[in-house]
Each structure stands twice: as C-alpha cells, then as structure tokens.
Amino acid sequence: MRLPVPGSLRLRFLLAVSLWVALGIAAIWFSAVGIFSRHVEQSYHEELEVHVRELGGLTEIAPDGRIVLNRPLSDPRYAEPLSGFYWQVTAEGHEPLRSASMTRGSLDESIAHSPEILHRLESGPSGPAITYGFTRKGPAGEEIHFVIATDQSELDRLIGSFTRDLTIWLAGLAALLLATGLAIIAFGLRPLDRLALAFARLRDGEAAELEGQYPTEIAPLAADLNTYIRQNEAMLARARVQAGNLAHSLRTPLAIITDEAERLARHDESRAASTVLLDQASAMEQQIEYQLARARSAAGKKPSGRGVVLPDVALPILRAMERLHPDKRFSLEVTGCEGMVLALDPVDYTEVLSILLDNAGKWSRRAVTLSFVCDKTGSCVARIADDGPGIPEDLIDQAFVVGTRFDRDAAGSGLGLAIARDLCEAMGITLALANGTQGLVAELRCDAVLHLA
Ligand SMILES: Nc1ncnc2c1ncn2[C@@H]1O[C@H](COP(=O)(O)OP(=O)(O)OP(=O)(O)O)[C@@H](O)[C@H]1O
Ligand SMILES: [Mg+2]
C-alpha cells in the first residue's frame with residue numbers, strides 16, 4: 001500500500017477519515033460516559049434510600065433506653081471497618097448507635113430533620129459522602145435521626161472503571177476504523193494508481209495509448225486523452241510527411257536555379273549576381289537536407305520504453321566509430337553509472353552520442369574519450385573529449401547553426417550538431433561544447449531520474 005504524501009488525494013482522504021472517526025468516537029465516548037454515570041448514580045441513590053428505610057425499620061429503643069437494631073442491615077459492607085458504607089441513628093437523651101464500619105468520626109445528622117428522606121453531599125468518616133437521612137418520632141415522642149452515607153469515591157470508582165474500559169475499547173475501535181478507512185482509500189484509489197501506471201507506460205513509450213478499463217468517473221478522461229493522443233500522432237505524422245514532401249519538391253527547382261546560376265557565372269557581367277544566387281541556393285539546399293534528415297529520423301522511430309541503460313548504450317556506437325575512424329582510438333570511462341538507467345528515449349540518445357562521437361572521430365588527432373559520470377543527485381553527464389584543434393571560442397554557438405562547417409576539407413554537411421541540439425531539446429537535456437585542454441569537449445547533461453536497472 002502506498003503511503004500518503006503531502007498534497008496527495010490519499011492524505012486528504014486519510015485526514016477526512018481520521019476526523020470523521022475522531023468525531024464519531026468522541027461523541028460515543030461522551031454520550032456513553034454521561035448515560036452510564038446517570039444510570040449508576042440513579043441506582044446508587046435508589047439503593048441508599050432503600051438502606052435508610054431498612055435502617056428505620058430495624059431500629060428500636062430498648063427498655064433500658066439503648067438504641068438497638070433487630071438484626072444487622074442486609075448489606076455486609078456496613079460491618080466492614082471504613083468500607084465507605086456507614087449508618088448512624090441518634091436520638092436526644094440516648095447513646096447514638098453507629099455501624100461497625102464507622103470506626104472513627106460521625107455523620108452529620110442535619111440532613112435527618114424531616115420525615116421525608118432527603119440527601120446531600122457531606123463530609124464523611126473517609127472523605128466526601130452521599131448522605132441520606134430522615135427523622136421519626138420514638139415511643140417517648142423523641143426525635144430519632146436516621147442517617148446513611150456512602151463515600152462519593154465509591155461512585156467515582158465505579159464510573160472511573162467504566163470510563164477506563166470504555167476508553168480502551170473505543171481506542172481499539174478507532175484503530176480498527178482507521179485501518180479499514182485506509183483499506184477503503186487504497187481500494188477506492190486503485191483505478192487512479194492504474195491510470196498513473198498507464199501514463200508511465202505511455203510516457204516511456206511502452207504503450208501507444210492509455211490502456212485498461214476505468215470506472216465511469218475516469219473512463220471519459222482516459223477515452224478523451226486517447227483520442228487526443230491519436231489525433232496528435234496523426235497530425236505529427238502528417239506534418240513530417242508534408243515537411244519531407246516540401247523539401248523533396250524544392251530540390252528539382254533548386255537544382256535548376258543552381259544550374260542556371262553556374263551558367264551565368266561564366267559571363268563576366270553576371271558573375272556577381274550568380275555568386276549571390278549560388279550562395280543562397282546552397283543555404284536553401286542545406287535547409288532542405290536538414291529537414292529531410294529530421295523527417296527520416298522521426299519517421300523511422302518506434303516508441304521505445306527501455307530507457308538508456310548505462311554504459312551499455314555506448315558499446316555498439318563505439319564499435320561502429322572504430323570501424324568508421326580506424327586510425328583513432330576510442331575509450332570509455334564510467335564513474336558511478338553502472339547499472340543505471342536514464343529515463344530517456346534510447347534511439348534519440350544514441351543518435352546524439354553518434355553525432356558527437358563522429359565529430360570527435362573526424363577532428364581528433366589520435367584519441368577520443370567518452371566518459372559517463374553519475375552523481376547521487378540523480379544527474380548524469382556524458383562527456384566526449386577529443387585531442388583535435390577544437391573550435392574558436394567565439395564560433396562555438398555558430399557550430400549549432402544548420403550548415404555550419406568551419407573545416408571545408410573534412411567531409412560533412414554541417415547538420416550533425418543542429419540535429420543533436422534539436423534532439424536534446426526534445427529530450428529535455430542540455431548539450432554544450434567547450435574547448436578543453438586537448439581539444440573539443442562536448443557535454444551532455446541529463447537530470448532525468450536515475451534508477452537501478
Ligand atoms: N570535435 C570537433 N572538433 C573540431 N571541430 C568540430 C568538432 N565538432 C564539430 N566541429 C566543427 O563544427 C562544424 C559543425 O559540425 P556538424 O557536426 O554540425 O557538421 P559536420 O560534422 O561538418 O557535418 P555532418 O555532421 O552533418 O556530417 C564542423 O564542420 C566542424 O567544423
Ligand atoms: Mg558532424
């Protein structure tokens with residue numbers, strides 16, 4: 001299961017689910033504790049009322065004037081010392097009678113001054129106590145005060161233990177709800193994950209369109225996107241064919257113009273004009289060749305999703321270069337790139353490497369070095385260094401212009417670097433030329449994410 005990252009739908013849903021669970025659990029907690037406390041208090045009070053009534057019923061004044069009980073109260077806690085359950089009977093002119101549990105102190109009889117049973121919170125022998133009391137006339141007309149008290153802490157303990165159990169249980173329930181919430185989020189977002197994978201396959205060229213079946217909410221989006229991709233591809237293909245056709249159709253008229261200009265050059269009076277015509281015709285020819293080369297390379301291209309595997313990508317090119325320039329030595333250096341893959345089109349990347357290595361082979365004196373250096377930030381630099389004459393600093397920018405050739409003795413049409421820069425721009429990588437200590441150094445810098453092959 002993927003972890004929610006900042007800004008993700010997963011995190012939004014998780015926050016919403018957490019809030020929802022927290023609110024629900026808090027509401028259950030508060031209402032359950034409230035309802036339970038009310039019920040416990042009520043049954044507690046009812047019990048105490050019964051006890052004080054029982055006390056009244058059992059109390060007698062003995063002939064010797066002592067206050068006595070017929071029999072002990074039915075609840076044994078009144079006999080246990082400082083159990084928190086106490087009773088007391090007092091009457092004027094009589095020795096007060098107290099429960100065996102009350103080994104110290106006494107109960108305030110002020111609550112027991114009415115024949116009706118009243119209650120309130122008093123301080124008892126072992127802390128604050130809920131006290132019930134009433135009064136009744138004795139045989140000699142004296143007021144007998146019956147008081148029963150139970151420690152408030154008893155009630156608190158009961159409610160406290162319930163609250164503790166409830167809290168543990170609800171915490172478990174909250175964890176379970178959150179876990180199921182996460183599972184529901186993962187299940188609900190699965191189609192989006194599949195969509196992301198399909199996008200990745202499309203981007204890497206492994207698929208020609210968005211593959212897979214999607215829920216009704218996303219399906220129209222995928223279908224629209226597929227239509228857009230197909231239309232775009234068709235449009236691109238048409239544009240390429242048209243550019244190629246246009247270039248081809250211009251070739252013959254251009255050849256006729258060149259022919260005519262060469263004929264004019266033979267006459268003194270039209271020589272100057274013919275030079276202009278010939279120069280312009282040659283510039284046009286270069287442009288045509290360039291467009292045809294680009295159209296050819298784009299037309300033959302199949303989407304390829306393997307990525308650029310380092311340093312394997314360079315091996316076949318280096319072998320081809322050794323055959324093309326047999327008198328030059330080509331060497332490969334690799335630093336930190338073993339088994340790495342650049343998320344780039346290998347066909348385009350290979351073409352750029354070929355162009356740069358071919359130039360290096362053409363102008364080097366003896367040796368060409370291709371080196372790959374990868375670093376931990378996820379960038380990779382491919383460096384092609386030769387030991388040739390290099391290019392004068394102020395002309396380096398110009399070398400990328402279609403048709404530029406500084407060395408007319410060497411074979412070539414001046415298109416290589418222009419095509420290489422075009423391809424690099426399309427791939428989102430940079431190509432720079434600089435004069436090194438020995439000759440020209442071409443540097444291809446790629447920040448596309450690297451991962452282990
Ligand atoms: N490694 C190099 N050392 C010295 N000069 C170079 C080097 N690479 C390119 N140049 C100069 O830049 C010019 C342009 O290079 P580019 O690759 O665009 O064309 P080309 O090699 O002449 O022809 P093509 O590549 O189209 O066959 C070359 O003609 C050459 O003068
Ligand atoms: Mg070249």
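The model is predicted.

**Ligand site**

The shell around ligand 1 holds 19 residues. Asn 359, Asp 386, Gly 414, Leu 415 and Leu 417 are the closest of them. By class, the shell has eight nonpolar, seven polar and four charged residues.

Two helices each give at least two residues to this shell: α6, spanning 346–363, and α7, spanning 416–427. The largest share is that of α6, with four residues.

Asn 359 and Lys 362 use side-chain atoms, while Gly 414 uses a backbone N or O atom.

| Residue | Part of the residue | Distance to an oxygen atom of ligand 1 |
|---|---|---|
| Asn 359 | side chain, N or O atom | 2.8 Å |
| Lys 362 | side chain, polar atom | 3.0 Å |
| Gly 414 | backbone, N or O atom | 3.0 Å |

How much of ligand 1 does the protein bury? Taken alone, ligand 1 exposes 590 Å², and the protein buries 92% of that area. The space that ligand 1 takes is the second largest pocket.

**Salt bridges**

Side chains with opposite charges can pair when their charged atoms come close. The structure holds 15 salt bridges. One of them joins Arg 10 to Asp 193. In this pair, the closest N and O atoms are 2.9 Å apart. The bridge links distant parts of the chain, as its two residues are 183 residues apart. Arg 10 sits in helix α1, which covers residues 9–58. Asp 193 sits in helix α2, which covers residues 152–203.

**Backbone features**

Two loops deserve a look.

Which form does the peptide bond from Leu 310 to Pro 311 take, cis or trans? This bond is cis, and its omega is near -5°. Pro 311 belongs to the loop between β8 (308–309) and α5 (314–324).

Leu 82 is not a glycine, yet its phi is positive, at about 50°. Where does Leu 82 lie? Leu 82 is in the loop that runs between β2 (67–69) and β3 (85–91).

Terms used
Residues numbered from 1 in each chain as written. Chains lettered and ligands numbered in written order. Predicted model: local features only at pLDDT ≥ 70, side-chain atom pairs only at ≥ 80, totals over all residues. Heavy atoms only, no water. Near = heavy atom within 4 Å. Polar contact = N/O pair within 3.5 Å; in protein donor to acceptor, adjacent residues only side chain to side chain. Areas by Shrake-Rupley, 256 points an atom, 1.4 Å probe, with all protein chains shown as cover. 1 Å grid on protein atoms, 1.4 Å probe; cavity = no way out; pocket = protein on both sides within 12 Å on 5 of 7 lines; lining within 4 Å. Sits in = over half its atoms within 2 Å of the grid points. Nonpolar A, V, L, I, M, F, W, Y, C, P; charged D, E, K, R; others polar. Salt bridge = Lys/Arg side-chain N within 4 Å of Asp/Glu carboxyl O.
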